[in-house]
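Colleague: Can you walk me through this one? I want to start with the sulfur links.

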Amino acid sequence: MSFGPPPSIYTQSALAADTARKRRRTKLLGAVAVVVALLVLAGGGWFLASGDDAAPVDAKGPVVQSPDAIRETTEKVPGSPEGQLMIEHDEENLAKTNDASPRYAPGTWATDKVMVKGVASRLEGYNIALDADEKAWTLKLDGHLCATSRHVTADGRTAVVIQPPRPKGSDKDGVCDQVVFVDLNTGKKLWQKQMPAANSAFVTNTNLTLTKGVVAVAWGQGSVAYDMRTGTKLWNSALGDECQDKAFAGGRALLALRSCGALPDVRFQVQKVDPRTGKPLWTYRVSSGIQTVYLPSADPPVLALAAGDSTVTDVITLDGQGKYRTTIPLDDYDAKCGERYFGMSFFGEYENCDGIVVGRTQAYILSKENIATGEPSDWIVAFDLATGKTAGKFEGRELQKVYPLRMSGDDLLIYRRGAGAVAPAAVVRWNPRTDRETPLLLFTLPEDDDSELSDPEQSDILYQYGRAFFGKRELVHDDKYPTDPALMAVAIGSAGLKH
């Protein structure tokens, strides 16, 4: 699949852009004022009842990571949970894009200095400062984004795969065969490499991940790994073997999902791989009859299995040697694997399951939304990775959907959607051992864009360094205001943060 030629980066009149921005900002600031008023009326009692300013019970203090390790941060409780708008960035000239062909914007990352958004054939960094709304840098790529990874190194680097433009009908038309390694803080391209034997790598099957010191890419008919520091190729596989690398999961370790045989009798294996050599350390053979396998966690190893169709039905946990531990049936739970981009597997989705977060000893899984009654996904259950038994439940609130974001030490970060004037949106920290909830950030999002920004199937939702970040993945123009730019990225920071 080819995106076609990269769209030009158009310049719209400052007047039109400012008009759209002011229209949204007036609504947003008005809503923030309502939230602040509610907090004042509450007299702080809600925070005292729900919050816990102490560090997590099992926390051992900040872990010092090497620069090339995959970042794991533990969030502190800010001086004030009151949220303030920091970044509100628009993408322009969408009226020139066909309604049936949205402008894709895969990838959202954040450091303590910038928010970075991928869009079309470029990366953009935005300064983190209250209401600065300034672009820090733009990195024009040599083609459209094909695959991104959620992982960032401890010193703020990540990788993307791009699709250079080629002549229509040529052997390389639509091929995604360039890996780019980027410093997110500066926007500097650190290296760019062409993937070997990657003529079958496209936006629909290219999967990218990072583990300590290594960037790895798989596309179902081949794979390759690079040294982060130098860009040197460490190892690669190609056609010929009965089993092929379909996807990787990274972070603390490197897992490979391998598909064996041909349709309709495809079988799957999961291997733990030595990142520097590509040699398998162990192999787990998935039961036959499984349609799709996702890899929400490499360490501890956790698999999400779809039996019969593309909907995940079970979560399987393995021990450190790749031995089966337990099965968690998902009768009442929603893993949200492969649901981005309307169920199409674009941009490397095999380790992105938005309904699951995996900690050291537990998996946190979102409840299903009740389609019949319209009741939202308002609870998250902790499951013991060794036994599969429930180990705690986060109770949501009426009309406010919740989504697990990531681990913060031994606690879970949760995003809770707002309910209009009734209640603000929030990022909270949940301690499953004590069942205590601590509010980290309370805020409202632009009213016209709230449903998209708050939906993990449509937008990336991050929380890093005391700030909440929202980045849309698809951009189309507003029929009511076709010449207006579209809101693409929003960041909210705490009034208690120092900038």
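Modeller: The link of Cys243 and Cys260 is right-handed, with 110 degrees about the S-S bond. Cys243 is in strand β15 (residues 243-249) and Cys260 in strand β16 (residues 255-260), so this pair links distant parts of the chain, 17 residues apart. Strands here are DSSP runs of E, at least two residues long, numbered from the N terminus; helices are runs of H or I, at least four long.

One caution. This is a predicted model, so local features need pLDDT of at least 70 and side-chain atom pairs count only at pLDDT 80 or more, while totals for chains, interfaces and linings use all residues. Residues are numbered from 1 along each chain as its sequence is written, and side-chain values use heavy atoms, with hydrogens and water left out.

Colleague: Remind me, what is a disulfide?

Modeller: A disulfide is a covalent bond between the sulfur atoms of two cysteines. The cut-off used is a pair of cysteine sulfur atoms within 2.5 Å.

Colleague: And how many disulfides does the structure hold?

Modeller: There are 3. Number the bonded cysteines in sequence order, and the pairing reads 1-2, 3-4, 5-6.

Colleague: Are Cys243 and Cys260 buried or exposed?

Modeller: Cys243 counts as buried, at 11% relative accessibility. Cys260 is buried too, at 2%. Buried means under 20% relative accessible area, exposed means over 50%, and partly exposed is in between (1.4 Å probe, protein chains only).

Colleague: Which cysteine is joined to Cys146?

Modeller: Cys176, with S to S at 2.0 Å. This link is left-handed, at -55 degrees about the S-S bond. Cys146 sits in strand β7 (residues 144-148), and Cys176 in the loop between β8 (157-163) and β9 (178-183), 30 residues apart. Cys146 has 0% relative accessibility, so it counts as buried. Cys176 is also at 0%, and so is buried.

Colleague: What about Cys337 and Cys353, left-handed or right-handed?

Modeller: Right-handed, because the torsion about the S-S bond is about 115 degrees. Both cysteines lie in the loop between β22 and β23 (356-358), so the pair ties together parts that are 16 residues apart in sequence. Both Cys337 and Cys353 are buried.

**On to the sheet**

Colleague: New topic. What is the strand order in the open sheet of 4 strands?

Modeller: The order is β19-β20-β21-β22, with antiparallel pairing. The edge strands are β19 and β22 (324-329), and each pairs on one side only. Neighbouring strands are turned by 25 degrees against each other on average, direction ignored. For that, axes are lines fitted to C-alpha atoms (for helices, over the stretch in contact), and angles run from 0 to 180 degrees between N-to-C directions. Strands pair if DSSP finds at least two bridges between them.

Colleague: How many bridges are there between β19 and β20?

Modeller: β19 (residues 290-298) and β20 share 6 bridges. In one of them, Val293 has Leu305 of β20 as its partner. The two strands are joined by a hairpin through 2 residues.

Colleague: And on to β21?

Modeller: β20 and β21 (residues 314-318) are joined by 4 bridges. Leu303 stands opposite Ile316 in β21. This hairpin has 6 residues between its strands, and Gly308 in the turn has a positive phi of about 95 degrees. Next, 5 bridges join β21 to β22, and Ile316 has Thr327 of β22 as its bridge partner.

Colleague: Why is β20 largely enclosed?

Modeller: Because 6 of the 7 residues of β20 (residues 301-307) are buried.

Colleague: How many aromatic pairs does the count give?

Modeller: The count comes to 12. In one of them, Trp191 and Tyr226 are tilted, 5.7 Å centre to centre with 45 degrees between the planes. Trp191 lies in strand β10 (residues 188-194) and Tyr226 in strand β13 (residues 223-227), so the pair ties together parts that are 35 residues apart in sequence. The rule: rings of Phe, Tyr and Trp (its six-membered ring) pair if their centres lie within 6.5 Å, with planes under 30 degrees apart stacked, over 60 edge-to-face and the rest tilted.

Colleague: Which residues cluster with Trp191 through ring pairs?

Modeller: Phe181 and Tyr226.

Colleague: Which charged end sits over the ring of Trp379?

Modeller: That of Lys393, 4.5 Å from the ring centre. The test is NZ of Lys or CZ of Arg within 6 Å of the ring centre and within 35 degrees of the ring normal.
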